Amino acid sequence: MTKPVSALPVPTLQTARLRLRGFAESDGSNLYALQSNAKVLRYWDSPPWSDQSSIARFMEGNARMADEGTGTRLVIERQSDSAFLGWCTFNSWNPEFRSASVGYCLSEASWGRGYATEAVEALLGWAYQTVDLNRVQAEADTRNIASARVLEKLGFRLEGTLRQDCTVNGDTSDSWVYGLLRQDWEERLDYQGAKKARIARLDEPVPKDVERLLATVPEWFGQPETNKEYIEAAQAKETWTVRDESGAVLGVTLVDRHFRHVAEIHLMLVDRQAHGTGVGTAMMTAIEADARARGARLLEVKTLGPSHPDAGYARTRHFYEGCGFLALEETDLWGPETPCLIMVKPL
């Protein structure tokens with residue numbers, strides 16, 4: 001394997017809310033607080049720090065990485081108050097293979113605010129502009145749904161699972177492997193431009209499109225009998241869609257209205273190729289606005305409950321949580337093998 005021979009620059013990057021910069025000696029105490037937090041490192045590939053000498057080894061690793069030209073680590077801080085939020089890294093750069101890896105670690109207080117996505121997006125943008133990079137790899141513990149969601153938002157594709165690849169303090173776990181190619185990144189940038197134009201509208205029934213879209217996401221909708229029911233429902237239920245410039249349906253949401261004060265998401269479905277491009281968010285935004293205009297006070301959705309280990313539906317729950325839905329109750333409405341989680345969002 002050919003190693004890089006020239007040092008990589010340590011950039012300073014700015015986003016709407018964040019500043020990414022090189023590490024300084026003054027970051028030591030914040031770094032130690034982060035890396036010694038067992039909750040933050042729950043899904044990490046090494047145990048929490050218990051020795052202050054770890055700070056110096058980390059800083060030495062930063063300098064060595066930059067000098068050898070294999071990568072860079074950057075502090076993530078909030079622009080408004082310079083608060084230390086964590087760090088992200090571009091590492092394992094190999095110019096012969098045109099490949100590298102990325103990683104990130106953020107403080108517990110900064111979780112759920114989109115900071116990881118915003119920071120790594122800036123880091124990837126810098127990397128693709130600075131070196132002849134083709135492929136970026138990232139890994140996430142299969143229990144770490146939030147991290148997987150960050151990677152998917154950035155356009156990474158799940159490529160496989162490393163079984164029992166990591167053992168920390170006697171706890172053995174699996175890891176998902178994600179990959180991002182330059183063409184994926186460039187397509188995402190194109191989508192980002194289109195994302196601003198995503199518009200959801202009340203539409204005519206589109207059962208054929210529902211059938212087509214169901215087939216693109218078999219890991220979520222892989223039961224023929226259930227899919228048949230969804231296709232039949234699509235012939236009559238209130239239908240919201242997002243279409244592309246050619247008029248092709250990218251996403252469909254079916255809505256029920258059992259009472260005036262509540263609207264229920266019966267089915268939300270987005271073409272796999274349009275995941276992460278704002279289609280689901282556009283439909284949710286439009287349905288919420290329409291529900292408020294009709295005097296509704298609640299949105300409701302039913303999905304697979306957390307007592308079932310399905311990782312795909314864990315990401316679905318994370319999406320709804322990000323939209324403001326709250327878990328209300330897990331029931332056996334769909335049978336003991338298929339726990340039903342009822343979620344609501346006050347309007």
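Leu180 is buried (under 20% relative accessible area; over 50% is exposed and in between is partly exposed, with a 1.4 Å probe and protein chains only), and its relative accessible area is 0%. Leu180 sits in strand β8. The model is predicted: local features need pLDDT of at least 70, side-chain atom pairs count only at pLDDT 80 or more, and totals for chains, interfaces and linings use all residues. Residues are numbered from 1 along each chain as its sequence is written, and side-chain values use heavy atoms, without hydrogens and water.

**Around Leu180**
- Leu180 touches Leu124, Tyr128, Asn134, Arg135, Val136, Leu154, Gly155, Phe156 and Trp185, leaving aside residues up to four places away in sequence. Contact means heavy atoms within 4.5 Å.
- Val301 lies 121 residues from Leu180 in sequence and 32 Å away in space, C-alpha to C-alpha.

**The sheet**
- Eight strands make an open sheet with mixed pairing, ordered β1-β2-β3-β4-β5-β6-β8-β7. Strands are DSSP runs of E with at least two residues, helices are runs of H or I with at least four, and both are numbered from the N terminus. Two strands pair if DSSP finds at least two bridges between them.
- β1 (13–14) and β7 (157–168) are at the edges with a single partner strand each, so one side of each has no neighbour in the sheet.
- β8 (residues 171–181) pairs with β7 in the antiparallel sense, over eight bridges. Thr167 stands opposite Thr172 in β8.

**Helix packing**
- α1 (residues 28–35) packs on α2 (residues 53–68) at about 105°, and their axes are 10 Å apart. Axes are lines fitted to C-alpha atoms, for helices over the stretch in contact; angles run from 0 to 180 degrees between N-to-C directions.
- The two helices, α1 and α2, are therefore roughly perpendicular. That class covers 65 to 115 degrees; under 35 is roughly parallel, over 145 roughly antiparallel, and the rest oblique.
- Gly28, Leu31 and Tyr32 of α1 meet Ile55, Phe58 and Met59 of α2.
- α1 also lies across β4 (84–94) and β5 (99–106), at about 85° to β4.

**The whole chain**
- The protein chain holds nine helices and 15 strands.
- Buried residues are 48% of its 347 residues.
- Its C-alpha trace spans about 65 × 45 × 40 Å along the principal axes.
- Of the contacts with a separation of 6 or more, 64% join residues 24 or more positions apart.
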